[in-house]
Amino acid sequence: MAMAGKQISRWIGWVFFSDIINGLSLTLSYMFSKTVTEHYPDNEKWVPFERYRGHHFLNTDENGEVKCVGCELCAKICPCDCMEVVPYEDENGNRRPLVFNIDMARCLFCGLCEDACPADAIKLGQHYEFSSENSEALVVGRDALIASPRKAEQGGKVVKAKLTTSNGAPISEQTEDEGYDWWRNIRRS
Amino acid sequence: MVEIFVVLVMLLKLAVLVAVLLMLPIPLTWLERKIAAHIQQRPGPMRVGWHGLLQPLADGIKLLSKEDHIPDAADRFLFTLAPIITLVATLTVFVAIPFGETITVYGTEITLYLTDMNVAVMYVLAIAGIDVFGVIIGGWASNSKYAVLGALRTCAQLISYEIPMGFAVVGVVMLAQSMSLVAIVEAQSELWNIVYQPLGFVVFFIAGLAEAQRIPFDLPEAEGDLGAGYHTEYSGMRFSFFMIGEYLVLILLAALNVVLFFGGWNPLFLPLPPLIWFLLKVAFFVWLFMWFRFTFPRYRYDQLMTIGWKVLLPLSLANILISGVILS
Ligand code: SF4
Ligand code: SF4
């Protein structure tokens with residue numbers, strides 16, 4: 001009896017398009033809910049977490065001296081063979097890199113170089129906007145690596161940004177430090 | 001002198017109508033993309049103009065500047081003819097649609113419709129049927145398997161759904177005692193037909209969705225299994241003719257739903273001008289169609305045929321029977 005009643009109510013619902021109306025009301029509620037899109041690169045930008053592996057940088061000590069000791073371990077361990085380190089002896093008798101090139105076009109951002117380094121010199125930072133129109137420009141030298149952005153101190157947030165160009169390539173420039181956790185838009189209670 | 005004036009007014013109305021209709025797909029594509037986006041919690045086009053308002057123009061320029069490609073194996077004459085047939089057939093139907101009552105400009109009465117045919121309902125259904133020829137010819141002339149399959153599906157679908165659609169209108173014609181769309185609207189000045197003909201409206205609405213090849217009945221252009229259906233081989237401006245044609249059918253259906261079941265230009269609560277009321281209602285239906293599109297999945301082909309022949313057709317016949325019994 002209960003089964004038959006259920007069946008009948010299902011048929012009545014079917015006749016009055018109850019399932020269709022359910023679907024429509026669901027999409028209607030979404031139509032007027034907040035969008036979750038991150039407005040990159042025009043208005044917003046993602047600052048990655050500290051553990052993010054982006055563009056490399058070379059650490060310097062408190063005197064501004066590059067920490068790298070030119071041991072070439074990073075070049076040896078690199079699975080893509082994309083690093084070139086040529087050491088030299090500087091005026092204090094320290095071993096330092098004369099040439100330190102990383103071919104970003106070949107790097108797979110595995111972070112093995114970071115792990116291998118005994119001097120805590122090479123790191124993978126937060127920078128990820130370095131698109132280029134020719135692959136030669138993606139070979140980054142020693143000085144550029146020293147100058148490139150470090151790891152994010154407070155990562156994992158969306159900050160205000162604006163679209164600009166640097167060296168002819170479009171990038172989104174961060175304009176504010178404060179940001180919000182992007183995931184708060186996604187998670188529905 | 002008076003005759004010339006009448007003809008001039010007629011031509012002017014025609015020019016305005018065609019211009020507006022050909023421009024309408026521009027905001028409609030924007031609207032459709034925005035609705036799709038917001039249902040999926042995206043903002044949609046944002047970068048060209050304010051909230052992407054100029055995006056359709058950018059797309060139009062892109063389409064215009066694209067290569068106008070005709071496949072080697074295609075029948076060149078029919079291939080060129082097909083989009084034109086679709087577009088012209090759809091535009092022709094609008095001649096009979098009443099947009100509003102008479103307005104008076106400088107002492108002369110101007111009707112807000114081109115003609116008041118006494119067989120307008122027949123005319124609309126018949127001319128809208130010509131649309132199918134453009135599709136079949138386009139699919140056949142492309143000489144491509146996807147296009148032919150798409151055209152065959154379209155053909156079967158349109159012919160199946162024209163029958164319940166036609167029958168659904170019969171109830172309305174019985175109520176108004178006339179086939180003129182103007183008379184049908186005038187007959188609804190007290191109470192709209194939706195109250196007398198809920199079943200007829202449901203049948204007409206569903207069959208209309210199928211006629212316009214909108215989701216959930218968009219089998220003719222099912223991207224997943226057919227590439228793009230009958231216009232697979234079309235590119236550039238010819239493709240956009242089909243696109244414009246599709247949007248015009250959408251507007252046409254919204255207008256027909258309003259005229260036949262929702263009182264045409266008759267106001268509801270606010271005493272706005274009749275034309276405004278008509279446009280508001282049409283806009284609501286266009287929005288409804290788009291809302292449907294991004295809510296439902298596509299029917300399978302056998303389901304499509306089952307709905308058409310086993311559900312809608314008997315329902316539309318029952319509707320005629322019930323209306324007849326109640327009216328007599
Ligand atoms: S991240 Fe990996 S691939 Fe890239 S340079 Fe370092 S070791 Fe080589
Ligand atoms: S970056 Fe580290 S591993 Fe690489 S050469 Fe310098 S000290 Fe050695």
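In this predicted model, 16 residues of chain B touch 19 residues of chain A, with contact taken as heavy atoms within 4.5 Å. Putting the two chains together buries about 1,500 Å²; buried area here is the accessible area (1.4 Å probe) that two parts lose on being put together, summed over both. Carbon and sulfur atoms give 72% of that area. On the chain B side, B:Gln41, B:Arg47 and B:Trp291 lose the most area to chain A, and together they make up 40% of what that side buries.

B:Arg47 turns up again in the charge pairing. The rule finds 1 salt bridge across the interface of chain B and chain A, a salt bridge being a side-chain nitrogen of Lys or Arg within 4 Å of a carboxyl oxygen of Asp or Glu. The side chains of B:Arg47 and A:Asp42 form a salt bridge at 2.9 Å, N to O. Ala, Val, Leu, Ile, Met, Phe, Trp, Tyr, Cys and Pro count as nonpolar, Asp, Glu, Lys and Arg as charged, and the others, Gly among them, as polar.

Now for the ligands. Ligand 2 is surrounded by 13 residues, the closest being A:Cys68, A:Cys71, A:Glu72, A:Cys74 and A:Cys117; a residue is near a molecule if one of its heavy atoms lies within 4 Å of it. The shell around ligand 2 has 11 nonpolar, 1 polar and 1 charged residues. Around ligand 1 there are 13 residues, of which A:Cys78, A:Cys107, A:Cys110, A:Gly111 and A:Cys113 come nearest. That shell splits into 11 nonpolar, 2 polar and no charged residues.

As for bookkeeping, residues are numbered from 1 along each chain as its sequence is written, while chains are lettered from A and ligands numbered from 1 in the order in which they are written. Local features need pLDDT of at least 70, side-chain atom pairs count only at pLDDT 80 or more, totals for chains, interfaces and linings use all residues, and side-chain values use heavy atoms, with hydrogens and water left out.
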